[in-house]
Amino acid sequence: MLQGYSGLVNAPTGSGKTYSCFMGVLLDFIQKNPDTYQDPRHGLQLIWVSPIRALTKEIKIACDRACKGLGLDWNVAIRSGDTTTAQRKKQYEKPPEVLITTPESIHVLLATKKYPRFFKNLSTIVVDEWHELIGSKRGVQTELAISRFRGMNPDLRIWGISATIGNMDEAVDVLLGHEKPPKWKMIKADIKKEIDVETILPDEIDQFPWAGHIGIKLLEKVVPIIHSSQTTLIFTNTRAQCEIWYQKLLDADPELAGLMAMHHGSISRDIRDWVEEALYEGRMKAVVCTSSLDLGVDFRPVETIIQIGSPKGVSRFMQRAGRSGHQPGAKSKIVFVPTHSLEIVEAAALKKAIKNQHLEDRVPYIRSFDVLIQYLMTLAVSEGFRPEEIWKEIKRTYCYFSITEEEWQSVLNHLVHGSDSLKAYDEFQKIEVDQGLYKVTSRRIAQRHRMSIGTIVSDAMLQVKFLKGTRLGAVEEWFASQLQVGDAFWFAGKVLQMVRIKDMILQVKLSKKKTGKIPSYMGGRMSLSSEMSEDLRQKIYDFKDGIVEDIEIERIAPLFEVQQERSYLPDDDEFLIEYFESKEGFHLLFYPFEGRQVHEGMAALVAKRISSTMPISFSLAMNDYGFELLSEKEIDLDACIEKSLFSTEDLAIDIQGSLNAVEMARRRFRDIARISGLIFSGYPGKKKKDRHLQASSQLLFEVFREYEPENLLFQQTYEEVMTFILEEARMRKALQRIQGQQFVISRLEKASPFAFPIMVDRLNRNRFSSETIADRIERMKVQDIKKFRLG
């Protein structure tokens with residue numbers, strides 16, 4: 001850093017990455033200002049970008065400690081969504097030397113009048129947890145902010161801090177841009193973080209569920225782990241699971257009351273701050289949490305991490321493990337609690353992947369025109385921009401280096417005229433051009449834009465408040481709409497009773513009931529990563545070949561043996577297909593072991609290709625291990641099962657023809673329309689209802705679809721569906737692998753251990769019976785699975 005380099009620091013958690021960058025900035029300033037560095041007020045020298053607010057406090061403590069140690073009277077300030085208006089005004093009038101902030105807050109500053117004056121002394125930008133930002137549109141926001149800062153200061157130093165990911169070289173390219181600074185380096189530590197992984201195993205595998213995702217069966221084994229550690233973080237994969245585990249742990253051990261808390265993104269900021277402070281001070285015995293505590297937060301009292309259910313990715317598991325042993329040289333300890341039998345295999349796969357550093361890539365966004373349009377509006381509401389200047393800046397970025405001048409002109413036309421199909425409507429004409437300067441002159445348009453800056457898009461949320469006004473957090477609109485007055489539900493560790501909904505606020509009071517609904521959140525299911533899938537398949541192949549290296553595989557062996565006895569266990573050159581009849585119809589199951597997301601597209605693809613050879617209809621179900629086609633008619637396997645089912649020829653066309661790709665695109669377009677400003681979510685306290693936003697975005701989608709299919713936002717929608725929802729590239733690779741394998745068709749009498757979880761997943765999604773899901777699963781076990789019970 002002292003030699004003027006930019007670059008990326010890659011090292012394990014707890015090894016000093018923060019100080020490595022911050023000390024470089026301080027020492028550089030002292031060297032360049034030997035006589036005045038101790039004077040007060042030097043203007044903004046450093047922007048430290050943090051992806052989550054929970055990190056900002058810890059970073060500030062570290063920076064203040066370093067400044068004090070070197071005798072610098074620097075002001076280290078935090079700016080985020082929680083910063084008060086008075087604090088923001090003070091920061092803007094007297095810029096701190098160090099500003100710790102988020103990508104969104106940087107763009108809010110760029111939307112402020114005279115922003116170049118605020119940033120004029122900026123010498124360095126550090127992007128923390130870059131591996132978390134790179135695969136999101138917040139990463140694109142960061143790229144654009146850096147491009148503007150480089151435009152104002154060509155000597156700007158750009159540094160990223162990142163945990164290890166599969167595509168580290170690409171991570172550097174995205175951070176530093178298509179045109180990198182002349183001097184850059186990747187700094188890679190030769191420190192290997194030791195991670196101790198322990199799997200909690202059931203005493204009797206025949207009593208352990210074949211399906212599920214909550215994991216309560218092993219709760220009694222978790223309680224002693226909590227008591228044996230100073231502090232334990234218990235990670236769950238969803239907010240609903242977090243609420244359930246918190247309550248069940250209190251039921252199992254009431255002595256944890258007052259010593260255990262809960263932390264997830266829907267709980268109010270005040271409660272989360274209190275929990276984090278209690279963690280810092282060692283007052284908590286345990287905290288049940290979600291990804292809200294994933295990133296590099298340093299809670300030194302934390303000795304043990306517990307992961308409930310499969311994290312579905314190696315990097316995520318290692319990141320969470322790193323929350324313990326957060327000191328140089330310390331060992332991280334993580335306990336894996338499987339929620340069903342096949343997750344025990346995932347535990348073995350995780351250990352293998354960690355040992356071999358088999359980590360996931362983070363796929364960066366490219367050609368995100370919605371974020372570019374929002375960014376240009378940001379510049380237009382402050383000082384305005386000249387296209388020839390900004391064009392040169394964005395062409396240096398990784399995201400936009402491939403866009404053409406024609407596409408750039410189309411973006412400008414969109415802002416000035418509202419695109420070809422919308423130019424008759426004044427509300428889409430937002431920017432005026434005066435002597436080459438593109439600027440927003442309408443105060444109303446400027447205000448609405450400033451309130452809409454950001455790329456985090458979620459379903460409409462209702463604030464949850466007591467009648468007296470205390471805020472507890474937020475739930476999604478769709479969940480609140482299912483509640484009746486007087487209904488009880490669990491939230492933030494309390495049983496609440498709905499009183500009324502008023503102005504997007506769900507007003508509640510404490511309930512005397514012991515039970516209630518638990519809020520769930522749309523889009524919660526994660527899919528097995530490509531790396532996890534590969535290691536999982538290998539564990540199955542090893543068992544088939546008589547290789548058993550893990551205690552997890554030893555414990556799950558009886559289930560594999562039943563699978564082998566009742567169906568088949570595939571080797572690495574084989575692809576398993578199962579077929580059987582039940583009261584529900586004829587079941588055809590395929591096992592790529594490639595993750596739920598890929599299986600969703602693959603199931604629809606195979607169903608379409610089969611139905612093109614014979615008149616037949618299917619209902620589809622899938623999980624991380626395979627997918628099911630269920631038909632009322634008998635399926636002629638000899639006629640339909642052939643290698644061409646898994647051909648990659650015309651794949652994109654067939655995927656769009658097999659899935660309701662238009663409906664997927666409609667849903668995706670709503671987010672793109674929000675980010676680009678085509679639709680406005682509403683003012684604070686008067687947010688538009690989700691269904692109104694959906695209706696508005698659908699109308700625009702249909703206009704583009706019919707009259708302007710070449711529209712860049714419309715085309716971007718389909719590209720994102722194929723890349724991020726259907727994972728076309730990963731599906732193509734999986735299909736090529738399957739085509740090279742020998743098909744093994746197993747005709748069963750009843751469901752196999754591999755088939756059962758997929759069938760249960762279908763029951764969960766299609767709740768058309770008056771029986772409870774638990775009753776139906778139990779009936780299936782009695783009727784169909786009884787012969788397969790292990791013992």
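Here is a friendly conversation about a predicted model and the terms used to describe it.

Visitor: What makes the pair of tyrosine 92 and phenylalanine 118 stacked?

Guide: Two values decide that. The ring centres are 5.1 Å apart, and the cut-off for a pair is within 6.5 Å. The planes meet at 15°, and planes under 30 degrees apart count as stacked. Therefore tyrosine 92 and phenylalanine 118 are a stacked pair.

Visitor: Where in the chain do tyrosine 92 and phenylalanine 118 lie?

Guide: Tyrosine 92 is in helix 3 (residues 85-93) and phenylalanine 118 is in helix 5 (residues 115-118).

Visitor: Why is tyrosine 92 called buried?

Guide: Buried means under 20% relative accessible area. Tyrosine 92 has 19%, so it counts as buried. Phenylalanine 118 has 4%, so the term buried applies to that residue too.

Visitor: What makes the pair of phenylalanine 714 and tyrosine 718 edge-to-face?

Guide: Look at the angle once more. There are 70° between the planes, and a value over 60 counts as edge-to-face. The centres are 5.4 Å apart, while the limit for pairing is 6.5 Å. Phenylalanine 714 and tyrosine 718 both lie in helix 26 (residues 712-725), four residues apart, or about one turn of the helix. With relative accessible areas of 7% for phenylalanine 714 and 16% for tyrosine 718, both residues are buried.

Visitor: How do you know that the charged end of lysine 544 sits over the ring of tyrosine 568?

Guide: The charged end of lysine 544 is 4.0 Å from the centre of the tyrosine 568 ring, and the distance cut-off is within 6 Å. A charge must also lie within 35 degrees of the ring normal. Lysine 544 is listed as sitting over the ring. Lysine 180 likewise lies over the face of tryptophan 184, at 5.0 Å from the ring centre.

Visitor: How do you know that the length of helix 21 agrees with its number of residues?

Guide: Helix 21 (residues 596-611) has 16 residues, and at 1.5 Å a residue it should span 22 Å. The end C-alpha atoms are 22 Å apart, so the two values agree.

Visitor: Why is helix 21 called mostly covered?

Guide: Twelve of the 16 residues in helix 21 are buried. Among them are Arg596, Val598, Met602, Leu605 and Ile610.

Visitor: What makes the phi of phenylalanine 593 worth a look?

Guide: Most residues other than glycine have a negative phi. Phenylalanine 593 is not a glycine, yet has a positive phi of about 50°. It is placed in the loop between strand 22 (585-590) and helix 21. With a relative accessible area of 5%, phenylalanine 593 is buried. Arginine 367 also has a positive phi, about 55°, and is not a glycine. Arginine 367 is in the loop between helix 13 (341-356) and helix 14 (369-381), and at 18% relative accessibility it counts as buried.

Visitor: Why is arginine 730 called buried?

Guide: Its relative accessibility is 11%, so arginine 730 counts as buried. Arginine 730 is in helix 27 (residues 728-739). Leaving out residues up to four places away in sequence, it touches several residues, including Leu528, Glu594 and Val598.

Visitor: Which strands pair with strand 16?

Guide: Strand 17 (residues 471-476) pairs with strand 16 in the antiparallel sense over five bridges. Here lysine 465 stands opposite arginine 471. In the hairpin of these two strands, glycine 469 takes a positive phi near 110°. Strand 20 (residues 505-510) pairs with strand 16 in the parallel sense over four bridges, and phenylalanine 466 has valine 508 as its bridge partner there.

How values were computed:
Residues numbered from 1 in each chain as written. Predicted model: local features only at pLDDT ≥ 70, side-chain atom pairs only at ≥ 80, totals over all residues. Heavy atoms only, no water. Expected span 1.5 Å × (residues − 1). Buried < 20%, exposed > 50% of the residue type's maximum accessible area, 1.4 Å probe, protein only. Phe/Tyr/Trp six-rings, centres within 6.5 Å; stacked < 30°, edge-to-face > 60°. Contact = heavy atoms within 4.5 Å. Pairing = 2+ DSSP bridges.
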